[in-house]
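The following note sets out some points on the structure for a reader who is new to such models. Please keep the sequence and the structure in view while reading.

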Amino acid sequence: MSQKKQAIQLEYLDRGLIAIGTSEGVFLSWRLLANEVTGHSEKGLVGRHFHVYRNDTLIATVNDSTNYQDREGSAVSEYYVCAVLNGHEVDKSSIVKPWENAYYDLPLQKPADGVTPTGETYTYSANDMSVGDIDGDGQYEFFVKWDPSNSKDVSQKGYTGNVYIDCYKLDGTLLYRIDLGVNIRAGAHYTQFMVYDFDGDGKAELMMKTAPGTKTITYSNHKEVVAYITMPNEDIDAGYCHDDDYRMSSEDYFNYIVRLFENWHNHQEVRTNQWPSSLEECFGISKKYSYPLSKKDAEQLAAYFIDVYAPSRHQRNNLRDFEGFILEGPEYLTVFEGQSGRELETIHYKPGRHDDGLMWGDYAMPRIEPGNRVDRFLAGVAYLDGERPYAIFARGYYTRATIVSYSWDGFTLKEHWYVDSGWTPMHNPFNDNPHPRNGTSSEFGSITNQGAHSLSVADVDGDGKQEIIYGSATIDHDGSVLYSSVDVMPPQSAAPGTIAKLGHGDTLHVANVDPDRPGLEIFMVHENGRWAPYGYTLRDAATGEVLYGEYADKDRDRGIVGDVDPGHRGLETWANGFGLKTAKGEQISMDAPGTNMNIKWSGDMTTQIVEGAMEETPIIRDWKKGCLLTATDTRTNNGTKGNPCLVADIFGDWREELLVRKKDSSAIRIYMNTEITDRKLYTLMHDAQYRTGIAWQNTVYNQPSYPSFYFASDIDWKNVPIPSFWTPCVNKE
């Protein structure tokens, strides 16, 4: 398709035909592309219809869907489909044979076990995934993150193994492996990998945070070829190299604190009288030492801080055992070529950590957690100008919150805009509560403590350009603050009658929840308990206004939305402890579905839930019909979060596929629904909100992706937008 002015750049996709043997023959499913749609009917979209061929023989003409049940098919049958335009066949698909099972296993090459500096052995399991077309053939390749068994939450001490990102063809060919190296810690908060065609050449790139030691491993003639990323010249001149290891031992951390204390008199906040001039005043003890501190005095104060003061603040403050964190050294953002894994450009990650979290509030709360708030990363992809994708990388959300957007033209990363709340002021960095305070920036200070353990991307104001939903705040497409939501604290809260931010939370969903009001809604579960106005909210996505919500005296953790009860108009919402509600906030039941991940699985466009965490076998459950699928011999990821590797519309019709790892991580098992549906809709990957959602699904606490329109059993087909888009043309030799 040729490029049109003001049209959005989307992916060229092939027909995505899949054949699966069933007890009733062979089930076939394929894509309708958005540019093939010409209108709508009462039951679906209309446009091209399709001829279905088995063994070169026309067996069916399909008008009302993009799937077909061939009752005469067998395991040896071969199929293809052709679109029909003005009575002529066009766009013949590839020829496919039925899957051998009711699922497809994508073979993986598991990394070898490793050993930490303290002698702990660790193993690997497949974790988060993403997809992108790296060669322009219209078919997705699969990116797999390998998580070591000792990966850590950002607040947990201890060494971790290296993180790897693999790129596979669907047949299991490993194209390359990126080893992030010892200077990137393993855990859900550290590595988000954005796979997208950022420069519009028809081939996806890969962007993520890197560090000295990050390298690409390719395979040729059974030999490994290693290429390290290119460190900036100023870092090389400063003596940094790829052999550096910035992981801290407990002794390293003690010495780090000694150096901090030796230079206390030079700290910016001390010089400007924002913080006490003596550490004794910070710790609430009598002044004993002269400043600048000698090394001996700094060591004595460091020992007091670690052995006496910290444990007095909280019983879990065992800083003598603090180890495994990376609190120093360069940090980078690297663009890799998706097809080869070749590094294209490396720049410094913005902003840098500045310190080990002291300025970020990591020492201020009763739980002293160096390296926690400072290393809260988020990432995404957004069409900020309504036409092409930009990369979004962020750091921080409890206190200082920063977000930067980049364009990639195939040669250079160019900063588009930068949002920085500024530091949250503290009177004493070792005993304070900076969370509720605004940052020092007059423009962006209101977004502190509003972020979530994920982000979302959507056009919330209807101007054709996507915004960044940063938890309880939203950043407009131009980098300004669209709003930062607040409300009045209720009588039973910690500060009745005062105005407070809605605040941080674990769970964030942006969708057309209520089809009877204009625009999108945001459903979020909040974490601040007695210090927040609500435990959960449904908000107007354009304004941040609370449509409904309820107070909670503690963190209610999780929640989700979906059409789980088609007897009620709109998507239902539910949060832990509050039960199931309608889109208007009316109580349906105090019982509710699970909250791990939802999936658009059913042919009637209702929503199902993926359940199963830890060592449980994953299932797909319908709130009304019960268990629809048991994914035997597989597991979900991320502990109690119970996330699949990916839930996305990667091939076949508009329904999502479930991608989970085999129990031994020898393969990714892909499940597709083989239920016939008469609902005809273009692939969800041609909806920009949904497609960018698949890109950021691997961000921290994985959240599902939602299209920009109302998707439910009572969908109004006339309101399904038909995007004006162009797809890059790739010259294939």
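**Notes on the predicted model**

1. Arginine 669 has a relative accessible area of 5%, so this residue is buried. Which residue forms a salt bridge with arginine 669? The partner is aspartate 105, and the closest N and O atoms of the two are 2.8 Å apart. This pair links distant parts of the chain, since aspartate 105 belongs to strand 11 (residues 103-107) and arginine 669 to strand 49 (residues 667-671), 564 residues apart. Aspartate 105 is partly exposed, with a relative accessibility of 23%.

2. A second salt bridge joins the side chains of arginine 247 and aspartate 245, with 2.7 Å from N to O. Arginine 247 counts as buried because its relative accessible area is 17%, whereas aspartate 245, at 41%, is partly exposed.

3. Aspartate 633 and lysine 662 also form a salt bridge, their closest N and O atoms lying 3.9 Å apart. Aspartate 633 is found in the loop between strand 45 (626-630) and strand 46 (634-635), and lysine 662 in strand 48 (residues 657-662), so the pair ties together parts that are 29 residues apart in sequence. Is each residue buried or partly exposed? Aspartate 633 is partly exposed at 34%, while lysine 662 is buried at 16%.

4. In the whole structure, 44 salt bridges are found. A network of salt bridges links Lys209, Glu331, Arg353, Asp375 and Arg395.

5. The protein chain contains six helices and 50 strands. Its radius of gyration is 26 Å, close to the 27 Å that the globule rule gives for 733 residues, so the chain is as compact as a globular protein of that length. The C-alpha trace spans about 90 × 65 × 50 Å along its principal axes. Of the contacts with a separation of 6 or more, 60% are between residues 24 or more positions apart.

6. Buried residues make up 62% of the 733 residues. The accessible surface of the protein chain is about 26,800 Å², and carbon and sulfur atoms account for 45% of that surface.

7. In soluble globular proteins, nonpolar side chains tend to be buried together. Here, the largest nonpolar core has 144 residues, of which Phe261, Phe305, Phe430 and Leu681 touch the most other members. A second, separate core has 21 residues, including Tyr536, Ala575, Tyr710 and Ala712. Leaving aside residues up to four places away in sequence, phenylalanine 430 touches, among others, Trp264, Leu279, Cys282, Arg313 and Leu358.

8. The structure holds 34 aromatic pairs. In one of them, the rings of phenylalanine 283 and phenylalanine 430 have centres 5.2 Å apart and planes at 70°, so the pair is edge-to-face. Phenylalanine 283 lies in helix 4 (residues 279-283) and phenylalanine 430 in the loop between strand 27 (413-420) and strand 28 (456-458), 147 residues apart. Both phenylalanine 283 and phenylalanine 430 are buried. These two residues are part of a cluster linked by ring pairs, which also includes Phe261, Trp275, Tyr304 and Tyr363.

9. Tyrosine 682 and phenylalanine 709 form another edge-to-face aromatic pair, with 6.4 Å centre to centre and 70° between the planes. Tyrosine 682 is buried, with a relative accessible area of 0%, and phenylalanine 709 is buried at 5%.

Terms used:
Residues numbered from 1 in each chain as written. Predicted model: local features only at pLDDT ≥ 70, side-chain atom pairs only at ≥ 80, totals over all residues. Heavy atoms only, no water. Core = buried A, V, L, I, M, F, W, Y, C linked by side-chain atoms within 4.5 Å. Buried < 20%, exposed > 50% of the residue type's maximum accessible area, 1.4 Å probe, protein only. Contact = heavy atoms within 4.5 Å. Salt bridge = Lys/Arg side-chain N within 4 Å of Asp/Glu carboxyl O. Helix = DSSP H or I, 4+ residues; strand = E, 2+ residues; numbered from the N terminus. Rg over C-alpha atoms; globule rule 2.2 N^0.38 Å. Areas by Shrake-Rupley, 256 points an atom, 1.4 Å probe, with all protein chains shown as cover. Phe/Tyr/Trp six-rings, centres within 6.5 Å; stacked < 30°, edge-to-face > 60°.
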